[in-house]
Each structure stands twice: as C-alpha cells, then as structure tokens.
Amino acid sequence: MTETVLTKMVQGAGRLPGWRGIAADWASDQRAFKNVSWGKAMMWIFLLSDTFIFSCFLLSYMTARMSTTVPWPNPSEVFALNIAGRHIPLILIAIMTFILISSSGTMAMAVNFGYRQDRAKTAILMLVTAAFGATFVGMQAFEWTKLIMEGVRPWGNPWGAAQFGSSFFMITGFHGTHVTIGVIFLIAIARKVWRGDFDVGRRGFFTSRKGYYEIVEIMGLYWHFVDLVWVFIFAFFYLW
Amino acid sequence: MVDVPYDGIAGIPPAEVPDVELYHPKSWWTRYVFSQDAKVIAVQYSLTASAIGLVALVLSWLMRLQLGFPGTFSFIDANQYLQFITMHGMIMVIYLLTALFLGGFGNYLIPLMVGARDMVFPYVNMLSYWVYLLAVLVLASTFFVPGGPTGAGWTLYPPQAILSGTPGQDWGIILMMASLILFIIGFTMGGLNYVVTVLQARTRGMTLMRLPLTVWGIFTATVMALLAFPALFVASVMLLLDRLLGTSFFMPSLVEMGTLSKYSGGSPLLFQHLFWFFGHPEVYIVALPAFGIVSDLISTHARKNIFGYRMMVWAIVGIGALSFVVWAHHMYVSGMFPQFGYFFATTTLIIAVPTAIKVYNWVLTLWRGDIHLTVPMLFALGFIITFVNGGLTGLFLGNVVVDVPLSDTMFVVAHFHMVMGVAPIMVVLGAIYHWYPKVTGRMLNDVLGKFHFWVTFLGAYLIFFPMHYLGLLGVPRRYFELGDAAFIPPSAHSLNAFISVVALTVGFSQMVFLFNLVWSLFRGEPSGGNPWRATTLEWQTPETPPGHGNWGKELPIVYRWAYDYSVPGAEQDFIPQNQPPRATRAAQGAAS
C-alpha cells in the first residue's frame, strides 16, 4: 500500500511486447476497441448474439433431421422447378443465393461511397441493395406458395418427416424476417443519406444520437451477416 | 502497491471518447415516464421487478400454506398449486432477479461507476424497459385468462407443458411463451447498451483493471445473458409453434386422453438441452452480479482493499465461461447417453474452483479488517454463509451417483433456493441499503434494517436448512400433498408445518422493509453525497441524487483502483478513485 509506482502514460502500454501488449491495449482506459464507435461495437455484439439464435435454430433442425425415423424429403427434388420443359433441381434457390450475394457487393460499394460522402451514389447503391433484398424475399414468398400448393404444411408434408415443413418454414421465415427488416432499414437510411442528414449530424431516429456516414457501414455489417447466415442455411438445409 | 499510470496533470491521457451531447428532457413525461436517463430507467426496472416479485412472494406463501397444512385450505386445489410453483419460479428467476440485477443495478451503477454520462444509446435503453414492462404485463395477464397461468413447472418441459391435463394448457402456456420472447427482446436492447458502455464509454483513466467488481460482475453476466437467452428464445418459439401450429419439434407421438395425438417424431430432450443451455448460465447471470456487488460491499464496510482483485476478475470471467459447458448436469435422469455424465460432472466440479477462490478472497478481505456491522455489511456476511451452504450441496448434486437418488426431491429445492434464491436476494437487499442513499439522498432506517436482516437471514436458514433433511428422506418436490407414503415419517409433516410458519414470518418481515423504503424516502436522515465513505465514482458525483448527465461540466478522471481503503499515511481511510496522486502525496507529506 505504501509504495506508489508511477508508470508512463498509456502510449507506453502499446510498446509492451507480444501478449502483454495486446492485453494492455485491451485493458487501457476509455475504449477496449480503439477506433470503434459505440454503434459499430453494439452491432457486432448484437450479431454475436444473433449468431447464437441462428445456431440454435440450425442445430435443432439438424437434431430433428438426424433423429427422425421417417425418411427426410429429398431437397433436390422438392426444390426443383420445371423451366422450359427441363427439370432443374435447386434452380430457384441458386438464383436466390446469387441475388443475395450480389446484394452484399452493392452494399460494400455503398459503404465505400458513403465514406467518400458521395450522397447520390451511396443512396442509389443502398436502394439497389434493398431492391435485391426485396427480390429475395419475393422469391422466398414464391417458394413458400409453391410448397404450400404442393401440400407442405408446418405439421406435415406428402413426402416424409413432418419436421421438414416445420423446420423449413421456421428457419427460412426467421431469416426472411431478418432480410425484410434489413430492407426497411436500408430504405430509411438511404433516405437520410439522400436528404443529407449525415452531413449536418442531425439527431438520428432509434438511437437519439447524432448520425454520421458510419451508419451505412453498420447497416452493411448487418446485411453481410444476414447474407452469411443464408449461406449456412443453404448449405445445411438445401445441399445436405 | 498502488499502480498510478498518470502523473497528476502532465500525464492525463487525451480524451478519446467524445463527451456526447445528451438528449435533454423537455416535459414531466419525458423526464419521469418516457425517460432516456439510465438512472430513471433503473428505478423503473427496479420497481416493476419488485412489484411482480411481490406477486411471486405471495404465491410462495400460498404454496407453503398448502404444504404445511394439507387439506386445510379449500381454496387451493392441485391445479392451482402447480400454477403457483410455475409462476413463482419463473417470476423469481427471470422477471425479478435477472431484471433487477441487470436492468436495475446495471442501469444505475454502470454509467456512474465507469464515469459515463449515460448509457451509450439512451433511446434503445428506454425501449428496453418498456418492452420489459410489456413482458411483465403479458405474464401477469395469465392470471386472468380462462384456465389461468400454465402449471408446467418453471422448466416448461414438453410434452406435458402443452398437453391437455396440464393447467393453463389453452391460454397460459401461449402467453408464457409470448412473455418470454418479449422479455428476451427487451433484455437484448438493454444488454447491448450495458456491454458497449462498459467496453467503449469509460472515462479517462478508467482501465478495465480499475473497474469496481460490481461492474465486472454485471458486465460478465450481461455478456452471458446475450449468449444464453438465444437458446431460450429458440426453445420458446419452437414450443409456441408446437402448441399453436401443431408442429412436432418437441412432441413425440403419444396418446393423449385416450386418443392418439396429432404429434409425431419430435424430441422432448431437444427442449431440455436448449432450455438448460440457457438455464445453467442463467444461474450465474443472477450470481455474478451478486458476486461483484458483495465484493464492493465487503471491501467498503470492512475498510480494506479487496483481497486478490485480479484473481476475483478472472474468477468471474472463468465462471462465466465454464457455465456454458455444464448444462446437462440438470439432465442426469433425462435419459442422456450415460458417458456424457462424466464430462458434465467433471466440468461442474471444476466450477467449484473459481467459486471457492472468490469465497476465500471475501473471507480474506474481512480478515483483520475494520469491520463495520452496518446493514449492508450484515447482508453481505449473510450472503457468504448462505452461498457457501448452497454451493456445498451443489457439489453433492453435481455428482451423477448422488444426484440420481436426490433428483426431484426437496433436497434440490433446498439447494437452489439457498444458492440462487436466498444468497442473491441477500445481496439485492444489502445493495439496496447500500445505494438507497445515492438514489434518494436519504438513509434507510437502521433499526428497521437490522430487524429486517435478522428475521430474513435466520428465517431463510430455518426454512431451507430443514428442507435438505426432507429431501434426504425422499420427500418429492412439486407434489400437491404427500398422502400416506410409508417412507415419510410423521415428523416430516410437522417439519413441513414448521417451515411454513417460518416462511410466512419471513414473508411478512419483508413488509417492514417495504415500509422502511417508503418511510425513509420522506423521513429518512439526509445522507450527504458519500455516507459510507466509499471510493468508487458513483459516490463522488457533484449532486446527490446525481443529476441528468451525472457529472456536471466535466467527466471525472480516474487515477487509481476502486479499493484504496485504509491506505497508510493517507488523510482519510479511503481515497476516491478520482483523487489525483499529487494531492495524495501532499496529504501524506502533511501527515508525516
């Protein structure tokens, strides 16, 4: 207690070698993650939590699929379409996946133009992303309609295990909800970009904090996450 | 050794976190009702949680009346009894303890203790409370719907949770699930705020290793909650779909009331895994804030630095991480693959190591301290005793061979009430006595407080200690009445009556506490800014109760850890965290 040790300023902590330096950086005052704003940190942590939700959904689905005693319907057959007289398995899902991954590309471009404060291009690219997202949800709705017409219900289907329909509607429904929310927020933020709210730092909706162009990147984080989740759903539900 | 990285004036680090302009309330409504100020939200959370907690307390009286004097009270039937245990458990664990520790204490203490003006996103924080209130109202509404609340037990195991024959099958279970889903959404909005505030909005000089242990406990518990509640969310959604749409996630094909049900091929065990992946971390979501708060109470009221601060931090983090790999010890009798039992028993017993470190450190903090037996200190000491007791029976239940015969007996009830009922409630009460002066500017009455403590502490012991014995006799839990089972001696029945009488007494002593809370608000002795002469930042605010924005014009600068009590040579027996080292040395020079 008696001895008071004065060490150097916080910059000195960065010069510690190896792990000690990393630990000192993390534990230093004010911010654990330097140069990360509150909003971005919050989005990352939210996505971590959301990852656990999707993981639980997918693990539950896999448990059901592995433990069922009734045969599981063959996804390649169920999700096939007849186009121009040809029977093509998984074609709709392939197109949907392509569209969603393309939307991640336009989103990344929007983030880029956002940081250049190019209002028009940012807003247009965000709207294009939203349009891709809406198309995805529309095709999802088409797929749901088709399956429901063929007799698939949450409680049963003509081809095998009842959990096929339940898992399908639940997982794609939950993911589709995420995409829909993303589309709504994309449009709202594109409007704010267009109006120039972020050039003057007007108080934002939902957070009551002033908004900056960084919000475009935070929106992008969410969008890429939803895209990544789809890749897992695609792999585990359709390709398995 | 006091580690002081900043040399007074020359070495103060530049402000990296901008002093963000707050949203200022413009009317009475936005100041006190739809407030974005974390302190108001904290009080709202605490009052709502306490109100619904009182309902759960009354339910426990009704249960005790039935158990102690079976057949005497004609207004309690078997179905109602099941509804009482379900709602009592659910409310106490989730809507009271989780909401009070994280929403109540978290909101009040995090911004003040880390030196922030508010949570990082006050508007989202406000939404969090209103969604929580909605969840509580949906939960409370189940008492008034046809069929009443669900009687499935707080674990809500399918298939019985949604089959006919279980009380509350038509409305209760649906609203229960809806309420849980709302609670999780609301909590997530608040929880993200708490985590980001601790990580990214600390004041200058407030390094992670200078945070008070209260903040460490609440922070770790919030991170855990953000990762554990998703499992409950998914389980609730799937159970809701099973009940509403007739999906078969959890429901096997079975005969219900003589007819084959519509379900087929689901796995009830899947629900148990999801539920306990949430349920076990939940125990520590309640316990870790208690660990943190009690460390600060003991250090402050024993006028001594916490023993092994670093070890305490790592123990909190270690317990948090380990608690995610022990969940199946709740499922030893569920029909799991037997060898999983080895794994889960081992991890369960390993958790005892960091927990024991914490207990030793609390005791070593007390060792040769200048112990002031104030009401918060009494509750902190009560916590150590009840927690050690409940923790030791946890070692019994963590072992598969001991757990199997004790499963579903009163021993389990005694264990978890001791370890996550009584112990955290001791901390909650102690913390209220400790921080009430900061929230209201007045002290709680000491005489009533001591009366409250002794009745609660001794009473809780008299309730739950004999319950272990009942459990060893084989008295089952969740039974409406015991009947004439040959293995239950008449003494067990009189013991049950005794427990009921004590439980009612303890219950009514809480009314004294409530009276104290209200009375002291108007008539309590004015406390001043720092009545306990504590070091942490919340006691150094310019106003008491702290005003909007907490800190007046400038954020405080932190020069030291939170535990500089009884520093030799210092002017007083405590040095606030924001007192610069130059001033300390000058004072030391003057003293010598």
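In which loop of chain B does H548(B) lie? H548(B) is found in the loop between α14 (490-523) and α15 (581-591) of chain B.

The model is predicted: local features need pLDDT of at least 70, side-chain atom pairs count only at pLDDT 80 or more, and totals for chains, interfaces and linings use all residues. Residues are numbered from 1 along each chain as its sequence is written, and chains are lettered from A and ligands numbered from 1 in the order in which they are written.

View 1. Helices (H or I, at least four residues) and strands (E, at least two) are DSSP runs, numbered from the N terminus. H548(B) counts as partly exposed because it has 17 C-beta neighbours inside 10 Å; a residue is buried if 20 or more other C-beta atoms lie within 10 Å of its own, exposed if 12 or fewer, and partly exposed in between, with C-beta atoms placed from the backbone. Leaving aside neighbours within four places in sequence, H548(B) is in contact with H24(B) and D37(B) (contact: C-beta atoms, placed from the backbone, within 7 Å). A separation of 9.7 Å is found between the C-alpha atoms of H548(B) and Y23(B), which are 525 residues apart along the chain.

**View 2. Cis peptide bonds of chain B at P159(B) and P545(B).** The bond from P158(B) to P159(B) is cis, with omega near 0°, and P159(B) sits in the loop between α4 (122-141) and α5 of chain B. T544(B) and P545(B) are joined by a cis peptide bond with omega about -5°. P545(B) belongs to the loop between α14 and α15 of chain B.

**View 3. Positive phi at Q30(A) and M257(B).** Most residues other than glycine have a negative phi, and most peptide bonds are trans. Q30(A), a residue other than glycine, has phi near 70° and lies in the loop between α2 (18-27) and α3 (38-67) of chain A. With 22 other C-beta atoms within 10 Å, Q30(A) is buried. M257(B) has phi near 50° and is placed in the loop between β2 (255-256) and β3 (259-260) of chain B. M257(B) is exposed, with 8 other C-beta atoms within 10 Å.

**View 4. Packing of α3(B) against α5(B).** Helices α3 (residues 78-114) and α5 (residues 172-200) of chain B pack at about 25°, with axes 10 Å apart; axes are lines fitted to C-alpha atoms, for helices over the stretch in contact, and angles run from 0 to 180 degrees between N-to-C directions. The two helices, α3(B) and α5(B), are therefore roughly parallel (angles under 35 degrees; over 145 is roughly antiparallel, 65 to 115 roughly perpendicular and the rest oblique). Contact residues include I94(B), L102(B) and G106(B) of α3(B) and F183(B), G190(B) and Y194(B) of α5(B).

**View 5. The bend in α12(B) at H417(B).** Helix α12 (residues 410-440) of chain B bends by about 40° at H417(B), the bend being the angle between axes fitted to the seven residues ending there and the seven starting there. Of the 31 residues of α12(B), 28 are buried, so the helix is largely enclosed by the rest of the structure. G441(B) follows α12(B) and has a positive phi, near 85°.

How values were computed:
Two residues are in contact if their C-beta atoms, placed from the backbone, lie within 7 Å.
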